[in-house]
Amino acid sequence: LDIIANTWWPRIARRIFNKSEPEEQHLGSQLILGGAHPAKNMGDAPWPQTDVYTFSSPNFEPKKGGYRQILSIGAPDERYMKGVTKLVSNFAFLQSSIGGDFGPGSMLAHYLKSELEDAHLPGVSSLFQVGMASRRKVSINNFSEARFSADGDALQEDKFPPIACSYDEFVAICQSNGLGSSASLC
């Protein structure tokens with residue numbers, strides 16, 4: 001990831017951004033790129049060394065996160081940043097990894113959703129996607145919760161909007177919602 005983040009990725013991001021429409025450029029672009037090292041571990045532990053970078057338009061200069069540093073894009077609320085720092089420092093968070101690949105990510109998404117219920121932030125969704133990277137696989141899952149009554153009826157269930165997995169699906173979703181679709185080309 002160090003090589004990718006410091007060589008070709010910023011050039012590609014700049015090229016795509018610079019070919020975008022001016023109104024898109026005005027909105028800006030920020031990305032997070034993370035991955036697990038194919039051979040290096042975190043000390044003697046069996047966990048791979050992971051690296052995370054953030055990139056922001058217009059130059060997309062790489063900013064590498066430090067060990068145990070919480071990274072974000074956009075304009076994160078300070079309450080979230082403090083809460084996430086507190087959560088990931090808790091031993092129970094580390095223990096959640098026994099809950100499978102998505103144990104820690106699901107715990108984090110649940111915490112953030114709880115924070116939103118206590119104090120809603122305009123423009124911040126209560127739906128979260130949890131991405132995990134390991135040497136075996138990289139996957140992104142939707143995190144949703146359902147609440148049930150004592151008799152088993154669903155009281156509240158989060159519903160993700162459809163997510164396109166191809167450009168054709170993206171166009172179909174746009175059309176079904178009465179939206180136009182366009183994209184920047186490399």
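Visitor: Which residues form the nonpolar patch on the surface?

Guide: In this predicted model, I32, V52 and I73 make up that patch, and together they have about 210 Å² of accessible area. I73 sits in the loop between β3 and α4 (78-88).

Visitor: Is I73 buried or partly exposed?

Guide: Buried means under 20% relative accessible area, and exposed means over 50%. I73 comes out at 36%, so it counts as partly exposed.

Visitor: Now the sheet. How do I read the strand order?

Guide: Here's the general idea: strands of a sheet pair through backbone hydrogen bonds, either parallel or antiparallel. Here, 3 strands form an open sheet, ordered β1-β2-β3, with antiparallel pairing. The edges are β1 (30-41) and β3 (63-64), each of which pairs on one side only.

Visitor: How many bridges join β1 to β2?

Guide: There are 8, with β2 covering residues 48-56. To get your bearings, find N41, which stands opposite P48 in β2.

Visitor: And salt bridges? How many are there in the whole structure?

Guide: A salt bridge here is a Lys or Arg side-chain nitrogen within 4 Å of an Asp or Glu carboxyl oxygen. The search finds 2. In one of them, D2 pairs with K64, with the closest N and O atoms 3.1 Å apart. D2 lies in helix α1 (residues 2-6) and K64 in strand β3, so this pair ties together parts 62 residues apart in sequence.

Visitor: Which residue does D51 meet?

Guide: K64 again, at 3.4 Å, N to O. D2, D51 and K64 are therefore linked in a network of salt bridges. D51 is buried at 8% relative accessibility, while K64 is partly exposed at 42%.

Technical notes:
Residues are numbered from 1 along each chain as its sequence is written. This is a predicted model: local features need pLDDT of at least 70, side-chain atom pairs count only at pLDDT 80 or more; totals for chains, interfaces and linings use all residues. Side-chain values use heavy atoms; hydrogens and water are left out. Two strands pair if DSSP finds at least two bridges between them. Helices (H or I, at least four residues) and strands (E, at least two) are DSSP runs, numbered from the N terminus. Patches are made of residues with over 30% relative accessible area and no salt bridge: like charges are joined within 9 Å, nonpolar side chains (Val, Leu, Ile, Met, Phe, Trp, Tyr) within 5 Å. Accessible areas come from the Shrake-Rupley method with a 1.4 Å probe; for residues, only the protein chains shown count as cover. Buried means under 20% relative accessible area, exposed over 50%, partly exposed in between (1.4 Å probe, protein chains only).
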